[in-house]
Amino acid sequence: MHQDSIIREPLLLGKKTYHQVTEDVARPVEGKANKYWWAVFILSIIAFMWGIGCMAYTVGRGIGTWNLNRTINWGWDITNFVWWIGIGHAGTLISAVLCLFRQRWRLTINRSAEAMTIFAVMCAAIFPVLHMGRPWLAYFVFPLPNQFGSLWANFNSPLLWDVFAISTYFSVSVVFWYLGLIPDFAMIRDRAKTKGRKILYTLFSFGWSGRAKDWQRFEEVTLVLAGICTPLVFSVHSIVSSDFATGVVRGWHSTVYPPYFVAGAIFSGMAMVLTLVIVGRKVLDLEEYITIQHIETMNKVMLTMGSVVGIAYFAEFFQAWYSGDPNESFIYLSWNNAKGVYGWAFWALIICNNLLPQILWHKKMRRNLYITFILSIVINIGMWFERFDIIVTDLYRDYIPSTWTYYSPSWVEVGIYVGTIGMFFTFFLLFARWFPFIAQAELKTTLKATGDLFHNPPRRPKSADFISNGGSGHAEHTSVETAH
Amino acid sequence: MSKVFVHALYDDDDKLKDGARKVRELGYSIKEVFSPFPVHGIDKIMGLNRTRISICCFIYGVTGFSLALWMISYMLVYDWPIDIGGKPNFTIYHNLPSWIPVLFESTVFCAAHGMAITFLLRSWLFPGVSPKNPDPRTTDDHFLMVTTAYNDQDITALVGAANATGAVEITKVESHDSHH
């Protein structure tokens, strides 16, 4: 049934059989954590606790503990919110969009990318709630009757769209992720040796038995969820961008924002996936599953999205200049900003997001783990600066020169940000220990098409063969049935 | 004689499909198949109906959309039209464009969760349910086909079919309705 082009290199190395896949995926769950895991975990917990302390301080003393002021009334909080939401886009992109495009390389990274999405959205949600100043009144955002104290929520406001978009995105992502986990939990349950593990994973697996009818429904549900998650992913960051784009602040009021934000989100999300899987594949001994080829493919997606973002920057820059409007000449992408007191933030954005990713045009760089790892962190920093620039450097020169000012965060704001990073890694490390890191049931469906055990040697030309044919992309595109 | 279930265990999905085809050709029905991953095409061989869960999903989506439209227009137009910046919410028509995001999200919310809940209920999956697969290897790398025999002739035919298609283990289980 499965067909694959002969020029494709196998996605799964190490001559894996079905049973070997089971063993490899179950090993981290059944084994003991090593000292590196504990070291990073303890560090993350400390950061998380520090963040909780700073959040408590903010709630207790009010957001006067932050360095926001009258002119710059959004700062690190909303920057971090948009940054985390952006990171939270890669998971559903990989599992939904790439599922519709039948990209098989997604199968070994979709589980961890979805987990990353969920934890990132949890981190993101903290910031707007804290920024309310009185987070105990956060229920005002829900459509509750007027008797509860506020008026009905305003459905014409992008801030309320955000509430609906993010809660839908979060809950649907959780469901999508968990449904996929059920058969994998069942696999761990059925091979559990200890009683505690048996009870735990019986509970987690919801009594899954793998009957044909269940699988039929499972496949249909996965496909339909992928179908409805695809527009959902694009809607969420479009709506986040509307928080800015529907505002009357120059620099924000820009129609390019929705597609530009979505591209940026995929860009930063891919960078974070790369950061995590490059470490994860080594620590969990999954290098034959998440191969250099996977890393290269993700780098290609990142390069494409980085280019889209670069074009959007150029368009913003050009339009600000071309409009001839003196106000527009002070937006975040303008010479005035590049030369101004926030010039360092401007150049950080350009260097991290536009200049350095250009090295990915070289195949050697795309396949180099060290370069990719460092670059993925650089891009994450760059994407943080993008949001910082949009927010702070569009606000700091407002319409009355006497209110022009500068902003740098207080230790509380930095602490909360560090805390969310700690929370993210705490959850991700727990996930890597207790949950199957790879969607093994789904992976097994394509083992015969992508595993090197099932490729017959004569069908698989050596890489030198098609390099001499003028590059791998132009060799014969014949699809050949796998030998079985 | 009472019913006997013939459990044919395979170690390959293609052999399982061969076995299932053979059983169907002989005129028997397949009671159940347990597999570690979805074996494409096995539902057609078994003669399972196409699942209607995507139709449910559509209905949930339409419901979500309608509920959201009703909710927003009730709150913003009928119950308490807020005058924001001199733009009062007196009509649905004028407000509709800015409701699209929430209408879309509500549609997706109801469609996705409704479908997931329907799936879990129809397949009877939730915490506390005990698994029904007779052999733990069927979540690892084995595939189990369960057929029903009513007499010795059936047993010979079904075991023969399993043997001929490369089943690695064939067991006969007396009927005590351990699976439904």
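What follows is a chat about a predicted model with chains A and B.

Colleague: Start with chain B. What is the strand order in the open sheet of four strands?

Modeller: The order is β2-β5-β1-β6 in chain B, and the pairing is antiparallel.

Colleague: Which are the edge strands?

Modeller: β2 and β6 of chain B, each of which pairs on one side only. Neighbouring strands in this sheet are turned by 20° against each other on average, direction ignored.

Colleague: How many bridges join β1(B) to β5?

Modeller: Seven bridges join β1(B) to β5, residues 143–149 of chain B, and the two run antiparallel. One place to look is B:His7, which stands opposite B:Val146 in β5(B).

Colleague: And how many bridges between β1(B) and β6?

Modeller: Six, again in the antiparallel sense, with β6 covering residues 169–174 of chain B. There B:Val4 stands opposite B:Glu174.

Colleague: Is β1(B) enclosed or open?

Modeller: Strand β1 of chain B, residues 4–10, has six of its seven residues buried, so it is largely enclosed by the rest of the structure.

Colleague: What about β2(B), covered or exposed?

Modeller: Mostly covered: four of the five residues in β2(B), residues 30–34, are buried. Four bridges join β2(B) to β5(B), and these strands run antiparallel. As for partners in β5(B), B:Val33 has B:Met145, and B:Glu32 has B:Val146.

Colleague: Which helix lies across β1, β5 and β6 of chain B?

Modeller: Helix α5 of chain B, residues 152–164, running at about 5° to β1(B).

Colleague: Switching to chain A. At what angle do α9 and α10 pack?

Modeller: Helix α9(A), residues 257–283, and helix α10(A), residues 292–322, pack at about 150°, with their axes 8 Å apart. That makes α9(A) roughly antiparallel to α10(A). The crossing of the two is left-handed.

Colleague: Which residues make the contact?

Modeller: On α9(A) they include A:Tyr260, A:Phe267, A:Met270 and A:Leu274; on α10(A) they include A:Ile295, A:Met298, A:Met302 and A:Met305. By class, the contact has 17 nonpolar and two polar residues, with no charged ones. A:Gly264 of α9(A) and A:Gly306 of α10(A) are among the contact residues too.

Colleague: Why would residues three or four places apart in a helix point the same way?

Modeller: An α-helix has 3.6 residues a turn, so residues with that spacing point the same way. On α9(A), A:Tyr260, A:Ala263, A:Phe267, A:Met270 and A:Leu274 are among the contact residues.

Colleague: What is in the loop between α9 and α10 of chain A?

Modeller: A:Asp285 is found there. A:Asp285 has a positive phi of about 60° although it is not a glycine. Most residues other than glycine have a negative phi.

Colleague: Is A:Asp285 buried or partly exposed?

Modeller: A:Asp285 counts as partly exposed, with 13 C-beta neighbours inside 10 Å.

Colleague: How many residues of α4(A) are buried?

Modeller: Nine of the 11 in α4(A), residues 90–100, so to speak mostly covered. A:Leu93, A:Ile94, A:Leu98 and A:Cys99 are among the buried ones. The buried residues pack against α3, α5, α6, α8 and α9 of chain A.

Colleague: Last topic, the contact between the chains. How many residues does it take from each?

Modeller: The contact takes 54 residues from chain A and 58 residues from chain B. On the chain A side, the elements giving two or more residues are α1, α6, α7, α8 and α16.

Colleague: Which gives the most?

Modeller: α8(A), with 16 residues. By class, the side of chain A that touches chain B has 28 nonpolar, 16 polar and 10 charged residues.

Terms used:
Residues are numbered from 1 along each chain as its sequence is written. Chains are lettered from A and ligands numbered from 1 in the order in which they are written. This is a predicted model: local features need pLDDT of at least 70, side-chain atom pairs count only at pLDDT 80 or more; totals for chains, interfaces and linings use all residues. Axes are lines fitted to C-alpha atoms, for helices over the stretch in contact, and angles run from 0 to 180 degrees between N-to-C directions. Angles under 35 degrees count as roughly parallel, over 145 as roughly antiparallel, 65 to 115 as roughly perpendicular and the rest as oblique. A crossing is left-handed if the near helix is turned anticlockwise from the far one by less than a right angle, and right-handed if clockwise. Two residues are in contact if their C-beta atoms, placed from the backbone, lie within 7 Å. Ala, Val, Leu, Ile, Met, Phe, Trp, Tyr, Cys and Pro count as nonpolar, Asp, Glu, Lys and Arg as charged, and the others, Gly among them, as polar. A residue is buried if 20 or more other C-beta atoms lie within 10 Å of its own, exposed if 12 or fewer, and partly exposed in between; C-beta atoms are placed from the backbone. Two strands pair if DSSP finds at least two bridges between them.
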